[in-house]
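Me: I am new to this structure and would like to learn how to read its features one at a time. Please give the general idea first and then the case at hand.

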Amino acid sequence: MRRLFRAQRKAIPRAQRLYDAARAACRADAFLLRHGARCVAVYLPHGSELDTWPLIGKLQGRGITVLVPKLTPVAGRMNFVHLGRTHHSVRHAANRYGIAEPKRQRRISARVIDVVLVPLLAVDMHGLRLGAGGGYYDRWFASHAAGRRPLRVGYAHLEQLSDQPLPHQAWDIRLHGLITPAGIRRFRNR
């Protein structure tokens with residue numbers, strides 16, 4: 001199933017990817033402004049994921065603290081760290097999966113994070129997310145997120161929204177919402 005959704009995402013034409021990244025950034029920026037977010041965790045794009053750099057530029061321009069994931073030495077764990085005022089690969093190194101992350105930073109307490117924008121391969125109408133398979137976000141949410149804080153919001157191309165229920169495990173953490181270039185969808189999850 002992951003292979004299928006990854007192939008569908010990869011098949012999105014380059015021109016549409018650029019358009020989607022710009023449009024989703026506007027939608028996300030407006031959403032975060034309405035929610036009064038001052039500290040936002042955002043993934044750094046990898047492969048065919050929806051590009052977050054246009055959004056990161058908007059957030060930093062408004063003085064929002066931007067955090068990004070960084071894997072820990074403990075297998076299967078990640079923390080969020082300050083991105084800093086960098087652009088693309090400056091002061092970043094690839095982790096063991098080839099994903100960019102800051103070279104050095106200390107972790108930030110989950111209590112200060114207002115919203116986490118989550119990468120995904122697919123998400124269904126109930127907020128169940130199919131990720132890359134490592135379980136990093138689910139473990140982080142299980143350890144650090146209580147109820148509705150921080151908000152868990154998927155960030156994806158519209159094509160990644162599945163009208164069919166996705167398989168899930170008891171430990172999967174549902175999203176509160178989804179931001180796509182086409183709009184914002186809210187899920188009723190606690």
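Me: Is Tyr97 buried, partly exposed or exposed?

Reply: Buried means under 20% relative accessible area, exposed means over 50%, and partly exposed lies in between (1.4 Å probe, protein chains only). Tyr97 has 47% relative accessibility, so Tyr97 counts as partly exposed. This is a predicted model, in which local features need pLDDT of at least 70 and side-chain atom pairs count only at pLDDT 80 or more, while totals for chains, interfaces and linings use all residues. Residues are numbered from 1 along each chain as its sequence is written, and side-chain values use heavy atoms, with hydrogens and water left out.

Me: Which residues of helix 4 are buried?

Reply: Helices (H or I, at least four residues) and strands (E, at least two) are DSSP runs, numbered from the N terminus. In helix 4, residues 136-144, the buried residues are Tyr136, Tyr137, Asp138, Trp140 and Phe141. Tyr136 has a relative accessible area of 11%, and Trp140 one of 4%. The cover over these buried residues includes strand 2 (65-71), strand 3 (78-82) and strand 9 (151-155).

Me: How many aromatic pairs does the structure hold?

Reply: Rings of Phe, Tyr and Trp (its six-membered ring) pair if their centres lie within 6.5 Å; planes under 30 degrees apart count as stacked, over 60 as edge-to-face and the rest as tilted. The structure holds six such pairs. One of them joins Phe80 and Trp140: the ring centres are 4.9 Å apart and the planes stand at 85°, so the pair is edge-to-face. This pair links distant parts of the chain, with Phe80 in strand 3 and Trp140 in helix 4, 60 residues apart. Phe80 counts as buried because its relative accessibility is 1%. Tyr97 and Tyr136 also form an edge-to-face pair, at 5.9 Å centre to centre with 80° between the planes. Here Tyr97 lies in the loop between strand 4 (92-94) and strand 5 (100-102), 39 residues from Tyr136 in helix 4.

Me: Which residue lies over the face of Tyr136?

Reply: A charge sits over a ring if NZ of Lys or CZ of Arg is within 6 Å of the ring centre and within 35 degrees of the ring normal. Arg139 lies over the face of Tyr136, 5.5 Å from the ring centre. Likewise, Arg152 lies over the face of Phe141, at 5.7 Å.

Me: In which sense do strand 2 and strand 3 run?

Reply: Two strands pair if DSSP finds at least two bridges between them. Strand 2 and strand 3 run antiparallel and are joined by five bridges, and Leu67 has His82 in strand 3 as its bridge partner.

Technical notes:
Contact means heavy atoms within 4.5 Å.
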